[in-house]
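This report walks through one structure, moving from a single residue to the arrangement of the chains. Please keep the sequence and the model at hand while reading.

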Number of protein chains: 2
Amino acid sequence: MLLLDGKKLADEIKLEIAREVQQIKLAGGKVPHLAAVIVGNDGGSLTYVGHKVKACEEVGIRSSLLQFDETVTEEFILKEITKLNENSDIDGFIVQLPLPKHIDPDKVLLRIDPKKDVDGFHPVNMGKVVLGLPAYISATPQGIIKLIERYKIETQGKHCVVVGRSNIVGRPISILLSSKSKTGNATVTLCHSKTNNLKELTLQADIIIAALGKPEFLTGDMVKEGAVVIDVGTTRVPDTTSKSGYRLKGDVKFDEVAPKCSAITPVPGGVGPMTVISLLLNTLKASKHEVD
Amino acid sequence: MLLLDGKKLADEIKLEIAREVQQIKLAGGKVPHLAAVIVGNDGGSLTYVGHKVKACEEVGIRSSLLQFDETVTEEFILKEITKLNENSDIDGFIVQLPLPKHIDPDKVLLRIDPKKDVDGFHPVNMGKVVLGLPAYISATPQGIIKLIERYKIETQGKHCVVVGRSNIVGRPISILLSSKSKTGNATVTLCHSKTNNLKELTLQADIIIAALGKPEFLTGDMVKEGAVVIDVGTTRVPDTTSKSGYRLKGDVKFDEVAPKCSAITPVPGGVGPMTVISLLLNTLKASKHEVD
């Protein structure tokens, strides 16, 4: 059983990105610049954005944080986004979710210039992914694809069962894995809350992407011998022995499932670290105008 | 076995559209207006566009045909599209494919204002379909969904196997059938040319969408008792007994498959007639600015 070490791989890719940014600097080019917009003081959001800013620093990507008070109007935020769209010093930017209730996230999303949408959430980018055109792929699906690519996991002709149809994970990864590409060409079954015969389907899978957000729902009896299992779940469960008071639990019952697998991601240290890489890669892409 | 009569259903829906257009006229509103752009003299394209224009006439939708010589430049066509984008008298328009080789279809597509993209091919519309936002759905997938809706075919929790992953049929219908909606919530497996175990999968299907473009590839031994089969194939095969010299063949070996089905579409007269309806529905939507 091969452990797909996302932490180690993410560190390797960070080094590669750092080298590329360094070369851009040495050649006198413009250093990539990411902006992050955050509205309010949500603890989780601040932590996430903090990680992203730190990752930028590590690889030499410039970053700017725009934190606005929770009470700002929707109109105000939309104007700020227009400014970021027009600011040629900013290559790409993200708007951290969730937003306060009085701000419509769809309106905000649609205001972002797709060329600067390094989160890959704008419908244009989603549509380009579907059509196989150059696009920003969102963090988690791109992280999974990189993991598959670097670990040389064969996908062509494999039956891949994706569990969970969210817009940020299940849906896009199901599209990518079934598309005509080196890390695609799989036969993909997309399962979700309305699926009646989940176990029957996962038992047929050569590759399982577990992205339902339900801790340990994928048990040993649901997986066939030799399967590859990618665990996208990161539910916080209380843990008094941990400094933070919680720990992350994946969607996979690791102890039962791992012995049957040919390869599996741990939680934490699997898909998680790969998602930040994705944002760095997209920012680099943006600075090179590869998705214009 | 229920025959899903697309011809009859399309006629019913045409009547409904005609009534709605009539009401708009009576209320003194702007009559919906579709434009179709065609470059060159391809016989097939002229026939297809002809059908579309005729369908518009039947329901009282205005239509304009812009036919340009095969030798016009890409720049010329892009300018014409900009004019159509800006012309407030035109609610929606389509550019008939294929285009001559010196014109890049992706460039043309991306130039179309998504709000007027009644073919639903622009990445924004594709992305909005993925995200479940109001959008133009392209002709064939929307036609299939209407067929499913009107014939009250239950999709929730059903295992639906889509064969073929084209951007205009297989891919979007797989997204629609697995999305959270009245005509969705199915567990969807998307199969294609790289699928190894096609028969094993189709035998599990409650619903099969055959959209591979390979005449009669779906045989009786590939279908379980009681399945619903939707045949999207329309390959022209020579036929000396027909006036046109050819006839349409579907992807399903009808004589073998039909007796096992609870419901099946014929070819011709199944999905085909439903696709033109789709364009009319989208033009009506455009005139009501429902996708802005």
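## A proline in chain B

In this predicted model, B:Pro114 touches B:His122, B:Val124 and B:Asn125, when residues up to four places away in sequence are not counted. B:Pro114 itself lies in the loop that connects helix 4 (105-111) with helix 5 (123-131) of chain B.

Is B:Pro114 buried or exposed? The count of other C-beta atoms within 10 Å of B:Pro114 is 23, and a residue is called buried if that count is 20 or more, so B:Pro114 is buried. Between B:Pro114 and B:Tyr136 there are 8.6 Å in space, C-alpha to C-alpha, although the two are 22 residues apart in sequence.

## The sheet across both chains

The strands form an open sheet of twelve strands with mixed pairing, in the order 1(A)-11(A)-8(A)-7(A)-5(A)-6(A)-6(B)-5(B)-7(B)-8(B)-11(B)-1(B). At the edges stand strand 1 (2-3) of chain A and strand 1 (2-3) of chain B, each of which has a single partner strand, so one side of each is left without a neighbour in the sheet. In chain B, strand 1 is joined by two bridges to strand 11 (residues 263-264), and these strands run parallel; B:Leu3 has B:Ile264 as its bridge partner in strand 11 of chain B.

Helix 7 (residues 170-178) of chain B packs on the sheet, where it touches strand 6 of chain A as well as strand 5 (159-163), strand 6 and strand 7 (207-210) of chain B. The direction of helix 7 of chain B makes about 165 degrees with that of strand 6 of chain B.

## Where the chains meet

Strand 6 of chain A and strand 6 (residues 187-191) of chain B run antiparallel and are joined by three bridges, with A:Leu190 standing opposite B:Val188. The contact as a whole takes 25 residues from chain A and 25 residues from chain B. On the side of chain A that touches chain B, the elements that give two or more residues are helix 5 (123-131), helix 7 (170-178) and strand 6 (187-191) of chain A, and helix 5 gives the most, with eight residues. By class, that side of chain A has nine nonpolar, eleven polar and five charged residues.

## How the copies are related

Notes: Residues are numbered from 1 along each chain as its sequence is written. Chains are lettered from A and ligands numbered from 1 in the order in which they are written. This is a predicted model: local features need pLDDT of at least 70, side-chain atom pairs count only at pLDDT 80 or more; totals for chains, interfaces and linings use all residues. Two residues are in contact if their C-beta atoms, placed from the backbone, lie within 7 Å. Helices (H or I, at least four residues) and strands (E, at least two) are DSSP runs, numbered from the N terminus. Ala, Val, Leu, Ile, Met, Phe, Trp, Tyr, Cys and Pro count as nonpolar, Asp, Glu, Lys and Arg as charged, and the others, Gly among them, as polar. Two strands pair if DSSP finds at least two bridges between them. A residue is buried if 20 or more other C-beta atoms lie within 10 Å of its own, exposed if 12 or fewer, and partly exposed in between; C-beta atoms are placed from the backbone. Axes are lines fitted to C-alpha atoms, for helices over the stretch in contact, and angles run from 0 to 180 degrees between N-to-C directions.
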